[in-house]
Each structure stands twice: as C-alpha cells, then as structure tokens.
Amino acid sequence: MAESKRDEMERILKLQRSVFTANRPEEMSKRVDRINRALTLLKTHAEEFAKVMAADFGSRSIQQSILTDIAATVSVGQYSLKNMSKWTKSEKRKVQFPLGLLGAKAEVRYEPKGVVGILSPWNFPVNLAFSPLMQIFAAGNRAMIKPSEFTERTSLLMAELVTEYFTPDELAVVTGGPEVAAEFSSLPFDHLVFTGSTPTGRRVMEAASANLVPVTLELGGKSPVFMGRSADLTRAGERIALGKMMNAGQICLSPDYMIVPEDMEDEAIAGVSNAASAMYPTVLHNDDYASIVSDRHFDRLQEVVADARDKGAEVIEVNPANEDFSNTNARKMPLTILRNVEDGMLAMQEELFGPVLPVKTYRNIDEAIDYVNANDRPLGLYYFGEDKAEQEQVLTRTISGGVTVNDVIFHISMDDLPFGGVGPSGMGSYHGVEGFREFSHARSVYHQPKIDIAKLGGFKPPYGKATDKALAGLLK
C-alpha cells in the first residue's frame, strides 16, 4: 500500500527527531556545514530557481527573483555564519547575594529545540523557506519545509534539490495542497514557522496548539504610509511606487495605503503616479513587472477595485502606454490608485496584496495616528518627512511589527534587525540574534556550591529564629 502524506510526514519527523537526539551534543562544524550546503544550493541554482518562479507567476523578472529570493537569502546565511559562534555561547547570569560569594553560579544555554516545521508562502517562495532555515540550522535544529502549491514548479525544484544536498534526517521538503498543509501544521514539531495571511495563521496556530507547539507567525495586515508635511513628495513617490509595484504588490510588507495631508493629496498622488510611469512605461508585456500569481487572486483584486468604484471612490489607473488589459489572460494589473476611500470599502477592510493603493487624507497628524491606532497593528509602518518631532510622535504613539523611515520595506533587508509582527500581524521574529533565539531553547542552569545553602539561610526545617531573621531580611 502506498504511503500516505500523513504517514510520510510522521516518518520523516520521527527520523529527524531520533537522529537529532542521538547526535547530541553536535559540533558547531555540523551547523556550519549545513548552512554552507544551503548557500551552495541557492547560489548554484539561482537562475534555475528564477526561471521556475517566472513560470509559476506567468511573468516575473529573473533579476528581481535573484535579488529578492536568492541574494537576500544568501545574506541571511552569511550573517548567521559570521555570528553564530557568538550567539551559541552560554551567558553568565547573576545570583542573589551572598550566593555568589559562596560559589554559586548561574548561566543560560541556548540549545536547539529539535525539529522545526516551515510552512512557506508563494510570494517569495525561496526566500521565505530558506531565510528562516538558515537560522534554524544556526540554532542546531533539523527542519521540514512545506512550500506553497501556488508556486508548484518552484516547490518541486526545491524538493528535488534538497535531496541532492541534504539527507532526510537533516532537511526534507513535503509538497502538496491545502490538505497537506493542514496535516503539516498539526504535526508535533518542536517549533513551527508560518508565513501567510492572518486568517490562515489563526488556523495554523489552532492546529499547533493541540500539540503545544510554539509558533512563529509572519502574517501581514494593512501597512500604512504616513506622509508628513515635510516630506519630499517626489522622492517619497518614487520609493512608494518601487515598493508597491515590486512583485506587483504581492509582498506582506507592501505599503497598503497612504495617509496624506488633505491639501497635499494631489501632489502626493502625482509623485507616486509619475514614478510608476517612469519605472514601468509599459506593463502588459514588460518582463520587469510581475503577474498576479493566480486567477483567484487576480479576480479578488478586480473585485476590490470594482467595490471601491461602486461605493464612490475615484479610480486612477496608472497606464502610461494606454494598454488594453481587458482582452488578456496575462494577469497583469497596472498600479491602481483609489481616492476618496471609506472604511466600508473592501479596499480598507483587508490586506490588498496587489498593485492597489488607497489614499486617505488628514488635517493634522494626530488624526492620522488615531486612524491607524483604531485598526489592527500592522506588520510594517512607514513615515516620510524631515520633521523629527513629528516622526517621533508617529513612532511613539503607534505600534507595528517594524518601521522604515523615509522609505518602505527596507527594514526587512537589515540582517541585524529582527523581522516580525505584533498582534494580528504576527508573533515571534527571525533575522538578527532574535531569530537564533526564536529557534533555540533558553535553558537555565544553576550550579549550587558545596555548602548547605538552605541550612545556612534558615530555610531548612525545623524553622526557627534563623528563618525569621532571613525572612525579615528578604521582606525589608
């Protein structure tokens, strides 16, 4: 009888955990070797990965894929190699006076958890599988990856290459559809990483909770762009357009909506529109511009725009070459700016994940801050402007996973900064030392001296005057 997917996954998990346990403690050289093999896999097959990603999307820039999915991931691996010997050292901690004088010692050891599951998405299918993997390996763990079925060719290539570079007890890739993903999230991993939408993240967390599996959830939400009055609107427009149109807006950190001073709205929109036209003078047959990944996602975005138009929004389609998008199955969608949006519109209720940019206005910055605070905490938050007091006001009065000032998205590319969400935009983080610690168990170790501390302190029965004296001191 053929092995079921569930049986296959359980068998791999059992194998990885048994080999992990048998090989403890494992030399640091093993971790280094695994990261180096992962780096070799990515660098050797970079163009091959980029081509299958383009095929999966229908159209996706080869250069963009190598930049975002390969080079950015290689950077995380190299950063981990450079720092992991420092990260893995035990930390000395203080003990209460006078225990230190008597020879007591305390430390924290950062130890591997075991087997970590990675549920990775389709929008950056290589990066969002292998970036956390680098730090999972740095922490000394084994891993199983379930990549997205939406980028099926990329997932199959990943599975094929992993078997060439790794043994199944180190790393395995399991392919399949939503049913396999659901089974995967219910396995008794030692940790589970999920990147995707907030509704799916809730289901993943619920499945993991049955086995008390700790989770790292990298979700999304509506990341706002604050346009301050002191912003250079031309420069800001260029940076927002670049971030919004990269991967056709299919980025969890994509700027989801702009909130601008009401008397600067026209100029702010022009800054974005002009920049988009300069970068993409054509869209339909432009290899630099990505397609929407599937018909379902494309239809959803069309519905969002139609809903906004029907409810009174002004729809501005940035189409510099006046191309006809109505008679094509390329799933190409030009940047679409929405003015006069209201909260009742779909565009303001859900993460857009596409090249649609609503614009809201404000009279004073407090009004803008209050609007953002009235909604779910976003994964990213962006502020443009040179007014340092206003910038600090925005940063101290809002909460978000991360922030980029005077640009968008860039904070995720800083290897030494933790990347993660807060509340509905996620929990936990990777990148930086925080990523290593996310996939490690902080194990407390206390070393008791030879002297009988309990007796000396008056805490060993029968209790008496020495106990009263000790308690008086503790409560002083």
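1. A residue is called buried here when its relative accessible area is under 20%, exposed when it is over 50%, and partly exposed in between, using a 1.4 Å probe and the protein chains only. The model is predicted, so to speak of its local features requires pLDDT of at least 70 and side-chain atom pairs count only at pLDDT 80 or more, whereas totals for chains, interfaces and linings use all residues. Residues are numbered from 1 along each chain as its sequence is written, and side-chain values use heavy atoms, with hydrogens and water left out.

2. On overall architecture, the chain contains 16 helices and 18 strands, both taken as DSSP runs numbered from the N terminus (helices H or I, at least four residues; strands E, at least two). The C-alpha trace spans about 90 × 65 × 35 Å along its principal axes, and of the 476 residues in the chain, 54% are buried.

3. Two cis peptide bonds deserve a look in the backbone. One runs from Arg24 to Pro25, with omega near -5 degrees, and Pro25 sits in the loop that connects α1 (5–22) with α2 (28–44). Phe97 itself counts as exposed, at 72% relative accessibility.

4. The structure holds 33 salt bridges, each being a side-chain nitrogen of Lys or Arg within 4 Å of a carboxyl oxygen of Asp or Glu. In one of them the side chains of Glu183 and Arg6 meet at 2.7 Å, N to O; because Glu183 is in helix α7 and Arg6 in helix α1, this pair ties together parts that are 177 residues apart in sequence. Glu183 is partly exposed, with a relative accessible area of 34%, and Arg6 is likewise partly exposed, at 23%.

5. Glu170 and Arg37 form another salt bridge, at 2.7 Å from N to O. This pair links distant parts of the chain, 133 residues apart, with Glu170 in the loop between α6 (152–165) and β5 (171–173) and Arg37 in helix α2. Glu170 counts as buried, at 7% relative accessibility.

6. A salt bridge with an N to O distance of 4.0 Å joins Asp407 and Arg239. Here the separation is 168 residues, with Asp407 in the loop between β14 (402–405) and β15 (419–420) and Arg239 in helix α9. Asp407 is buried, with a relative accessible area of 15%, while Arg239 is partly exposed, at 31%. Elsewhere, salt bridges that share partners join Glu26, Asp33, Arg34, Arg37, Arg142, Asp169 and Glu170 into one network.

7. The largest pocket has a volume of about 1000 Å³, and among its 33 lining residues those closest to the centre are Trp122, Phe194, Gly196, Ser197 and Thr200. A pocket is an open set of points on a 1 Å grid over the protein atoms alone, with protein on both sides within 12 Å along at least five of seven lines; a cavity is a set where a 1.4 Å probe fits but cannot get out, and lining residues have an atom within 4 Å of a point. Points are joined across faces, edges and corners, and a volume is the space filled by probe spheres set on them. At least two lining residues of the largest pocket come from each of α7 (178–185), β6 (191–195), α8 (198–209) and α11 (295–310), and α8 gives the most, with 5 residues.

8. The second largest pocket has a volume of about 610 Å³. Its lining has 26 residues, of which Thr68, Met246, Ile409, Ile412 and Ser413 are closest to the centre, and the elements giving two or more residues are α4 (62–87), α5 (127–138) and α9 (233–245). The largest share of this lining, 5 residues, comes from α4.

9. A search of the whole structure finds 1 cavity of 30 Å³ or more. The largest cavity is lined by Gly221, Lys244, Gly249, Ile251, Ser254, Asp256, Glu351, Phe353 and Gly354.
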